[in-house]
Amino acid sequence: MAEILRALVSKSVAAVGLMAFLLAGCEKVPSPEFRANRVEWVKQERLNLEADQQFAPEYREQVDTLLTTLFGTPDEPRLPAIYGDEDPLNQLVSLDRLRLAAGPVSSDEKGKHWGLYREHCAHCHGITGDGAGPTALALYPYPRDFRLGKYKFKSTPLRRPPTDADLVRVIRRGIPGSAMPAFTTLPEEEVLALVDYVKYLTIRGEYERRLLAELPGLEGEPLVDLKALRAGSTKQATAGANAGANQKEAGGGSEQPELPAEQEALNAQLQTLVGEYLYEEIVDRWSDRDESITEVPAPPADLMSTAAPPQEWVAKGRDLFFGKANCVQCHGATGLGDGQTQNYDDWTNDWLKTPGVDVLSKQTYQHFLEAGALPPRPVRPRNLRIPVYRGGKAPADIYRRIANGIEGTPMPSSPSLTPEEVWAVVAYVQAMPYERLSGGDAAMSARPVGGREVSGK
Amino acid sequence: MSVIERTQQPVKRKERAVLAEQPAEEAVPGYSPWPWRVGALLVTVVFPLIWFGGLVTSSDAGMAVPDWPGTYGYNMFLYPFSSWFFGPWDFFLEHGHRLIGSTAGLVAIGLVATCIRCDQRRWVWWLSGGLLLLVIFQGLLGGLRVVIDARTIAKLHGCVGPAFFASAAAFCVVLSRWWRDQGIQASRSASAGRAPLALGPAERQVWRGAHLWLALSFTQLVIGAFLRHVGVDGSPQGFQHLVYTHVALACIVLGGTHLYAGRVRRLPGVEPRIRSAARWLSALVTLQFLLGLSTWIVKYNWPSWLDSWTWTAQFVIPEKTMWQTNIVTLHVAIGSAIVACWAVLTVRCWRVFGLAEKAAAGAELSAERAERWQIGQGTTG
């Protein structure tokens, strides 16, 4: 008995020792890195080079190094902050919040969380914010690719970035009928950290696209002097851009300390690459968002006098729907979203519109798929016969969707409609789920008719 | 060599083999319920352990305690109870998972000791030792998952846990009174000259089928673990393939389990415990299929082709709510329960059909002996 027990114990100890030895060989896994925008790279090649030509691979290294120098890594995000405390990027994005959202997922005894982006967002939106996280192909619609700087549901007009409140709202409320969840249980601090991280990824992504768009014009010259960039710290690099920016602000007349020729050349490069492309073209666009919010005019008094929209407003809206506003083109005569159904959103059109690409022939865009593009899927116009509106169901939300359109989609803005006409379309849109398609023009149902019932499927 | 000598040799080998396979408890009929009780306690502890583990993953709480084997510098067992129990949810889950895991390890040690003390079958001792090793291995995996924060280890940890649960449940069958009674019953039947259970093609199909479905259910669980622990830098194509495989295998396991249960139901004179396990499996697999659909919906919403209905189109995913985490975790826990059920059924099949096979071999042996005796009589007489 004792012998067997001894044998059992000694063999168990040996086996556990062996397991521990094998497992101890495992090293700490490297952190994920930002993925290069290879789709944009291929697109720029197709747009600007001969079919058999490619950009020099050194450019990739130059772009990556510049991005890492300015924006850091997923574990250690960074902001260029070339204007010190007054830097508009610092006012737009808080570095403390970024640190809360970045890095691997962890929490402490007090319940404070880090790595919020990887915990809540990265599986769909991707570590780079490219909308190509591991779950992307399984979802409809695809998760948002932040790098184009376009957001659908916002209070600002087309081509203007969303406000922080818009982003908070989408995170808090989610988007019905999509894989975007409602983060109702997250504390305010964490939601704001996610908002800042999304802005950070967006600006970084827009900047990468801007740099790649510059490659064709370089004609073999380097984008940036990597040797000089690596020789200096980030501070020096950004100070270089700052020096260039200050000089530009002062009209080139102020006295600057003399710099070595190499450093001066780098400063000049950074002044264009950072000062101009990043700050003037991208950061400035994000800086005055609150001033561009579309004000929703008060609805006409008689429109709001009853719970359901009055018939005359509904009839007026119906006329606009089929006429001047031309909603019928995509949403269809039935409003079931069965009009024009072969449109693509901007995230797909961005590379799908490249010359030589035919959506019907996969061979023509195989190289984009290999570069990481998600297969094209047509946009389905909203079925207006069900009372579900992804951007919010309040009349003011619907007003903004109609007046401003939906960024990145074929839904256009309506500059030709007067505010009163937009309200009329809002009234009709709100009435459509209750309108019977048969039995008279104005026949209304007491409850939503729903697409399936209407179509009789 | 004469004809008789040639026929005698293989018979001797077969005889030795049959005698060697006789279970030890048949020679010593004494039975202690203690190993079974401790085994049942182990299974009872491991199920909530799996549940907590599932909640840890669903809540992304794996790194809520950054050190291991200690907890924020404390010995794990000495960490202040109130700070843990009333602390943040993530910390409650992770530390709780570790405490239950340690309890499972202690019970597994107790099981080895009880088996050695109360059960005379040496192979049972070795099996209990194997279970202890498995739980230690699982503990090491859990610790390393924290120390090196690796998804691959998390996937392995997510697969070894259910494997241990299933092994412990199957081991309980070996320790049960039922196991002993089956042996005694078979011995009595043999000595009374009663015909053993006929082991026809249908019985063999049920026996083999149990192995097949156990393997497929575990494969399904492994794919599920890979889906749950997909890294943020994983490829969309890889995830999509995993989803398709998981769904296809879910349909196969669902259909196959119902067919299997139907076959067992139709089998005349089948052991009631095999029948009840098959019935349980039918119910669990159906529930699991529905939970799988629910898991997809609460994680990724309804399929887009269902968005013509108001109630699907307006659904918003309730991220990290109790509803979401518990539905997903229930899917994980029932998956483990299914594998455990198949393991129990497989071991029961081994016992029932294995004994029948041995009895048949014994009967064949007796017939050969009688024949040999008759031949011997004929030649010598």
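**Reading chain B and a helix pair in chain A**

Modeller: Read from one end of the sequence to the other, chain B follows the pattern α-α-α-α-α-α-α-α-α-α-α-α-α, and please keep in mind throughout that this is a predicted model.

Colleague: How many helices and how many strands does chain B have?

Modeller: Chain B has 13 helices and 0 strands. Of its 381 residues, 41% are buried, and among its contacts with a separation of 6 or more, 81% join residues 24 or more positions apart.

Colleague: Turning to the two chains, which elements of chain B give two or more residues to the side that touches chain A?

Modeller: The contact as a whole takes 49 residues from chain B and 53 residues from chain A. On the chain B side, the elements that give two or more residues are α5 (89-118), α6 (122-147), α10 (236-266) and α12 (310-313) of chain B, and α6(B) gives the most, with 8 residues. The residues on this side of chain B divide into 29 nonpolar, 13 polar and 7 charged.

Colleague: What describes two packed helices, and at what angle do the axes of α13 and α18 of chain A cross?

Modeller: Two packed helices are described by the angle between their axes together with the distance between the axes. In chain A, the axes of helix α13 (residues 311-322) and helix α18 (residues 419-431) come within 7 Å and cross at roughly 100°. Because angles of 65 to 115 degrees count as roughly perpendicular, α13(A) is roughly perpendicular to α18(A).

Colleague: Which residues make the contact between α13(A) and α18(A)?

Modeller: From α13(A) the contact draws on A:W313, A:V314, A:K316, A:G317, A:R318, A:L320 and A:F321, while α18(A) supplies A:E421, A:A424, A:V425, A:A427, A:Y428 and A:A431. By class, the contact of these two helices has 9 nonpolar, 1 polar and 3 charged residues.

Terms used: Residues numbered from 1 in each chain as written. Chains lettered and ligands numbered in written order. Predicted model: local features only at pLDDT ≥ 70, side-chain atom pairs only at ≥ 80, totals over all residues. Contact = placed C-beta atoms within 7 Å. Helix = DSSP H or I, 4+ residues; strand = E, 2+ residues; numbered from the N terminus. Nonpolar A, V, L, I, M, F, W, Y, C, P; charged D, E, K, R; others polar. Buried ≥ 20, exposed ≤ 12 C-beta atoms within 10 Å, placed from the backbone. Axes fitted to C-alpha atoms, helices over the stretch in contact; angles between N-to-C directions. Parallel < 35°, antiparallel > 145°, perpendicular 65-115°, else oblique.
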